[in-house]
Each structure stands twice: as structure tokens, then as C-alpha cells.
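Please look at the sequence and structure shown here. The paragraphs that follow go through some helices and loops.

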Amino acid sequence: MYIDFMLFTVIALATGVIVLSRILSSNMKYQEKGFVQLIMLAICHNIIDIFWGLTYFDKLGMGTLGLQISTSLYFCSNAILACSWFCFLYRMLHRDKPQKWVYFLAGIPVVLVVIMVIANIRTGALFTIGETLDSYARGKWYVIERIGTTGYLVVVFIWSAFKLFLSKEGSERKRYAIITAFAFVPMVFDYLQIYFVTVPCTSVAFQIAIFIVYVFISVERSENVLLSDSERQKNNMKTALAQAAMSYCEFNIDRNCIYDCKIYLEKDKYKKLSDYRDGSYTECFEFLAGRVFPEYEGRYRSVFSLEKIKESFRLGIPEVSLRYWIQDSAGEEKYIQQNLILTQDEVTKEIVGFAYSRDLTAETRQKQAVEDARFLEKAMQSTLSECDVLMYIDFKTGLSRKLLPVLEPTWGQKSFKDMVKYNIESGFVYKEDQDDLLRLMETGSLQNALKTQGIVTRRHRQREKETGGYAWYQVIFTPFAYEGDNPVSAIMRVQNIEKVIREETQRREILNDALERAEEANKAKSSFLFSISHDIRTPMNAILGFSRLAQKRIDDKEETLNCLEKLDSAGEHLQRLINNVLDMARIESGKVKIEKQAYYVPDILKSLQTIFKLEMEQKHLDFIVDCELQDEILFLDRLHIEQVEMNLIGNALKYTPEGGKITYSVTQIGSEEGMAVVKVVVSDTGIGMSKEFQKSVFEIFTRENNDVVRGVQGSGLGLSITKSLVEMMGGSISCESQPGKGTTFTMIYKMPIGTEADLPDMHKEVCDAGKNIDYSNVRVLLVEDNELNREIACDILQEFGVTVEIAGDGIEAVEKVTHSRAGYYDLIFMDIQMPNMDGYAATAEIRKLSDRALAQIPVIAMTANAFKEDVEKAFESGMNEHVAKPINIQKLAETMEKVLRQER
């Protein structure tokens, strides 16, 4: 029995050593290194097994104590082997390092066995030893120990067998088949150890399983025996590329490791995977980058570093390529093209790559020589306009031969060095440029520069024969012929680039001016945002504050009405501010159009006098309007003229104390070829302005900083808008003021003179809006997507007695109109900016309806798009009228009555 045991253990030990040597001698990949760890643990376990046998048969004379020690060591070793086996199988299964919880589970049998061994030493729970060896018996925990240390293999076996049964993809089935076999063999043999105590089943089983699986994987990898056709084709392609390439490298990006490589060092010398310390891609990359010429190194690192190729793959760029020069270990220069192909492993989802390089040195130099020959042929045919001087330089002989200009028969061949020295030292080249040009044109220096850079250029100033002054020239050296890597001849061209330098200088000046303007615009923008945010917060603070006060004092009708009046005032101020900002933006963006039409000017003055009459009376101001025109019909842009005058009169009204006087006069001061020269003056007896402030009075967001002005609402935009509009209408504006005495604004215009025939039909139907029509039978469709705006509009319309139906967007509006009967809707109020379909498109669709009665329903735009071009666009889309938001009830009533009267 002892001889049988020793024979088995020696065979198992020999098997382990053979398997270990076989694995170490192979070209292992990253994951296969786990085989070495396992086989060494199995060998250690086998040695402990031998020690156990020697004590069991009492060949060492240690008796019961020796058997107790060896048995404890045996079970501890068995638990460690089972733990390592479990971790290795996990790595094989997931192709990733075990997580912490895996190590925790795998360590359970080790802890369990340690506890059992301690208990065994005290109680003999694992085995019992009598006075003689024949009385040896296994304890009651022995079988439990076997189940605990080998139970992991049972779990792995069941799981991998289940996955094997469910898997359909070929390579995945092979992997689970390997793992199933890997778990099955030691699991069966380990349980056999329960019945065959004196046979080293566990050690033999582990080593046999390791060897079988390793051979299986090695054969599959090296011979493609078990690969699919597509996998075999990929491996064959890699092999073909590797054989044809100067260097190649197969690597894993996610693990930063190399599977295989052959890196060119010099002729017949290569660096292989075994030459790298840690076998990482980063180590290989740094070695290769260290050989790249400095001018190419930055580009090389930006393309092939680990982070960059990861980013390239993430961006959907699986292939990258780069050409560059290197110096091999023998000092020879090579021109390399490196290609890199990235893909994702179908099973592990890891990014793997294959890089290979080709030597293009000979091919590149031959191509360069052909191009140089063509260049020389073309250069010989060149004219003086293309090149001022063309010269051939022979570095071997040191001679130079001038090719252009050709009208110098005495030149012949001269020493290049003497020619350079003569031109530089004679003062032909500007003094400050002589040293740099002299250093470059030394034969050895120029030849080295051409070798590393290919083409060498320098700029210098050179004396002009005609003027005696200096102009900018550029000298260009191009290699013409090579011997090995060294250029032995070159072509030198000299060109006048004075025009190019002037253009570059102009471009720099333009760029500098643009930069200064951009900085000024940025400062203006910052100032604008600061000022407008302050001015917006003032009315917003009032709106929020009085809104809260109204809620608190809801039971006090008088106080609530007072708060609502102040809310209305703050809202109007905010609206004026927003309108001013929009006007300023439209002016700066060039969207304001001046459209002139013939008007009877006294009517315009009378209209302005009526607008301001009530406010002037409330403030007890004397408002004088004067008109002295020889030509009273003039062509002008009434909208913008009135905007200018209302700004100026409005300012005079704000800054003139009670009892003061405001004068608005229009005087014709001359006529020129059908044009009337008109002076418009707005003066007041108000607070006036200081001389310092008058210098910036028309600038944006400018207000004088004094106690009186701080008490008056204003944004500082009105006068800036006024000046812009006046100048757009071809006029000029000036300001005179004295503090405490008043201010006078004077405008001068040139306006075309018109006749009565030029006047449009000014007759308009005047009505008492909202009172001359019965709205009880009127039904309107309100198309509005904003719930708050919808509620406000409904309340206003229902105050008139109108029946209102709602549509949330243009699509719903078209559907409601399409499915209605003729006469059901009297008119439609249409918002413009809505989701799904805007108001323009919805109106156009309604106008296309086959039922003409439905297609002709009046549509009124009710929108915040309130500029003139917005109104025009509304009419172009088929709308009948336009009402701007915020809704003016009087304007709304007038528009509704006008449309309904036209329909009836």
C-alpha cells in the first residue's frame, strides 16, 4: 500500500513539473499566466501529499504528532488550491480579474478548514488516531470538509454546463465547454478522495485538468483548429500582415497589455514580447516614440497614445495611420508608415488592436527625386516673373550654377561659398539679416537642414537696384539629388515677397482692429447687460411688491385698487423698457426700414398735440406747438418721425417742473431742388443738463447722476434710439442745455416736397369702439398655446359678450375650422409662435380649404410679434388684422368692430 501511494505521488509530481516546464517554455498570453500559478500550487499540494503519506505510514518516526501536522497541512493546502481554482475559473469565465466578493467567497473554504484544523487538534473532529496507526479513522467532519472545499467546483460546473446548453455562438460554446471540463475533472477526483484515502486523487486531478485545458487552448490559438471560418480568416490576415510588415504588435487596450509583437531595431534585429518588463502597450509605445524624429514625435503621440486610440475608437474611427521618420538602433534613418486597426472582442467586449508598419524610405526618396527632376525641368522654363533668381548647388564640389536670370553669360560656375560671402558682405543683404543668412548658407549647415527638414526657407531684406532701398525677399532651398540619406545637390530660388509682406501686415492690422472692436463690443455688451438688468429689476420689484400687497389687502377695496394702479404703471414702464431694448437691437441689426410717404405735416403736429394735451394740463405745463412751412405736404416716415418727437417731448415732460413751458416747432428754413430743409425744435424750461453730460447724452444707457433725475423713471435708451432714427432718416440732431434753465434739441431734415395728388386717402371710419355692435351672437375661435395668455384673452373677450372656443395650436385650429359649418365662427384670433404648427402656417391652411365660406373666415393675429415686418408677414399669410400683446382693450375693440362691420 505504501509503495502504491508513493508511486502515485511521484508520478503526480513528475507530471506537474513537466506541465510547468511546458507552460513556461511557451509564448504565453496575458490570461494564460494563471496556469503557472495553478500548477505551482498543485505541485506544492503534491509535496504536502507526499509528506502526509510518509507520516501516515510512519516512515519519518513522528508518530501521531506527525500525522496530525501533515493532515492539517494537507487540508489547508487543499482549501487554498480550491480557492485559487475558483478564482481562476471565474477569470476564465468572465475574462476579467475577480471582484472583491469573488475573493470573499473563495476564501470561505480556507477559513473553514483553518477552524476545522484547530478543532481537530483539540478534539479530533477531522480524524481520530488511536494508540496504533491501524486505529486511524476519519472524523465526523471529514466529509463536510470535502464538500466545503470542493463545493465551489460543483457550482462552477453546474453554471458553465447550463451556459453551454444555452449558448448558440460557436466561440462562446467552446469557452464554456473548456470551463465545464475544467471544473468536472477535479470535482470528481476530489470526491473520490473520500473513498481512496491513500491515493493522491486531488493532486493528480488538478494537474491533469490544467494540462488538458492548457493544451486545448494552445492548440486552438496556434493552429486555428477549433475556430470558425471568420475567426480563422482574421487570424490568417494578421499572420499575413505580420509577415509582410517591418514591425507588428497585437495588444489589448482595456488591459494595457501586449499579446504578441516584433519591433524592428536594425537590420536582422528585432525586439520581442519577452524583452519587455511588464508587457504593456504603454511600455512599447514609449519605446517607439523615443525613436521618432522630434518634429514628428508630437503628432505620433497624439495619434498612437493609449488615451488617443481609446478616444478614436469611441468616436467611431477604428483605423488610424501616420507616416514619420525614425532613427533605428544602428543610426540609420527610416521613413515609416504605421497603421493601426481596432476592433471589439465579441465575447469580452474589450477593445483589441493590431498595429503594423512598413518601410517607405526607398520608395519615398525615389518619388522625391522624380518630383525634383520635374521641378528642375519646369524651373528651366520659368520666366523672371515667377522667380528672380534660380540656382543649382552641388554640395560635393561646392560649386553653384545660375539658371535664372539667363542673361548673364559671364556667370558660369562659381563657388557657392564665395557667392554667398560676396552678396552678404557687400551690403546687398540688410545688415540685421546677414548673420542668420550666413549661418544657414554654410554648406554643412544647409545640407543638414535639408536632410532633416526637406525644404528650407528664410526671409531677408535685400537692396533693390532701381531704388536703392530694401525690399523683402524669400530664399527657398529644395533637395535635388540624394546619396543614401544625404542630399548632394539642391535648387535655390529667390523671390520678391514685398507684396506678400504688405498683405500680411494689412491682415494683421485688420485683425488687430477687429480684435479691438470685438473687445469694445464685449465691454459695451457687459455694460448693456448690467444696466438693463438694473432697469428691469426696478419695475419688476414694484410689480412683485404691489402684487403681494394687493393679496394681503384684498378686503380693502381702495388699497387693492391703489396697488393695481401701481402695478399697471410699473407694467407699462417695463413694456416701454422692453420696447426700447428691442428698438435698439433692431436698429443695430439693420432691420429698421425707412419708408417715406406724402403727409400733410400740420395734421401730424395736431395729432401729437392731442396725445400730450392731457398730461400737460395735469402737470400745469404750457405746451406750445408752432408750424411755419411754405411746403406743407412732405414725404416722410411718419411712424419714425412721431417716435422721435414723442421721445423728445416725453423727456421734456418728465424733466420740466410744474408751471414750466415746452415748445415744439417745425420751421422750413430753405428749399433745394425739390427738397424742403426743415428744422424741428423741442425745447423746455426744465432742469437742464451739465456740460459734461451733454457730451455723452446720446450714448446708450446714459443718464445724468443727480438727485432730480434719480427720481424719474427712464432707461437711458430713448435718446440713443432717437439719434439713430434721425440719422437713418437723413437728418442730424444736436443738443443745447443749461442746468436749471432748460434743454433744446434741434433736428435738421431734408424732405422731398409733395402735392395733394401724392396724399393717400386719409378717410377713416371713426366709431365708439365696443358700443356700436352687439357681440352676444358673435362666436370666435381663440388659438393660443399659453394657458395664462389664453385665460387673459378669454376674460377680455367675454367682457364684450363674445362666445369663445379654444384651440391649443395651429393643427387643432385647422381641424376645428375644417369640421365646422359655414357661419359657425365669426372670426379667429390667432397666436403666431405655437408648437406643432405656427399661426402663419395655420392661416395658410385655412385659406386653402375647399369650402370657400370656411376659407374666408376673418383671422386676426393676436401676438407679441409686434414689429412692422411682423405685421406685414401676418397680412402676407392671409390674416386680416393684427393686434399686439400686451392686449390694448380699446385697440382690440376697434379691430373686432372693423372686421365684423366689413363682413356684414
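Helix 19 and helix 20 run roughly parallel to each other. This model is a predicted one. The call of roughly parallel follows from the crossing angle, because angles under 35 degrees are counted that way, and the axes of helix 19 and helix 20 (residues 638-655) cross at roughly 30°. Those axes come within 11 Å. The crossing of helix 19 with helix 20 is right-handed.

Which residues meet where helix 19 and helix 20 are in contact? From helix 19 they are Ile-604, Ser-607, Leu-608, Ile-611, Phe-612, Glu-615 and Met-616. Their partners in helix 20 are Arg-638, Glu-642, Glu-645, Met-646, Ile-649, Gly-650 and Leu-653. Sorted by kind, the residues of this contact are eight nonpolar, two polar and four charged.

A second pair can be read in the same terms. Two packed helices are described by the angle between their axes and the distance between the axes. For helix 10 (residues 281-289) and helix 11 (residues 294-304), the axes come within 10 Å and cross at roughly 160°. Angles over 145 degrees count as roughly antiparallel, and helix 10 and helix 11 are therefore roughly antiparallel to each other. Their crossing is right-handed. Helix 10 contributes Tyr-281, Phe-285, Glu-286, Leu-288 and Ala-289 to the contact, and helix 11 contributes Glu-297, Tyr-300, Arg-301 and Phe-304. Six of these contact residues are nonpolar, none is polar and three are charged.

In helix 15 (residues 431-441), the buried residues are Asp-433, Gln-434, Leu-437, Leu-440 and Met-441. Viewed down the axis of helix 15, these buried residues fall within an arc of 140°, so they line one face of the helix. The face turned away from the buried side of helix 15 carries the exposed residues Glu-432, Asp-435 and Arg-439.

Two loop residues remain. His-620 is not a glycine, yet it has a positive phi of about 60°. It sits in the loop between helix 19 (601-618) and strand 16 (622-628). Is His-620 buried or exposed? His-620 has a relative accessible area of 54% and is exposed, because the cut-off for exposed is over 50%.

Glu-673 is also a residue other than glycine with a positive phi, here near 50°. Glu-673 lies in the loop between strand 18 (661-672) and strand 19 (675-684). With a relative accessible area of 85%, Glu-673 is exposed.

Technical notes. Residues are numbered from 1 along each chain as its sequence is written. This is a predicted model: local features need pLDDT of at least 70, side-chain atom pairs count only at pLDDT 80 or more; totals for chains, interfaces and linings use all residues. Side-chain values use heavy atoms; hydrogens and water are left out. Buried means under 20% relative accessible area, exposed over 50%, partly exposed in between (1.4 Å probe, protein chains only). Helices (H or I, at least four residues) and strands (E, at least two) are DSSP runs, numbered from the N terminus. The arc is that of the directions from the helix axis to the C-beta atoms. Axes are lines fitted to C-alpha atoms, for helices over the stretch in contact, and angles run from 0 to 180 degrees between N-to-C directions. Angles under 35 degrees count as roughly parallel, over 145 as roughly antiparallel, 65 to 115 as roughly perpendicular and the rest as oblique. A crossing is left-handed if the near helix is turned anticlockwise from the far one by less than a right angle, and right-handed if clockwise. Contact means heavy atoms within 4.5 Å. Ala, Val, Leu, Ile, Met, Phe, Trp, Tyr, Cys and Pro count as nonpolar, Asp, Glu, Lys and Arg as charged, and the others, Gly among them, as polar.
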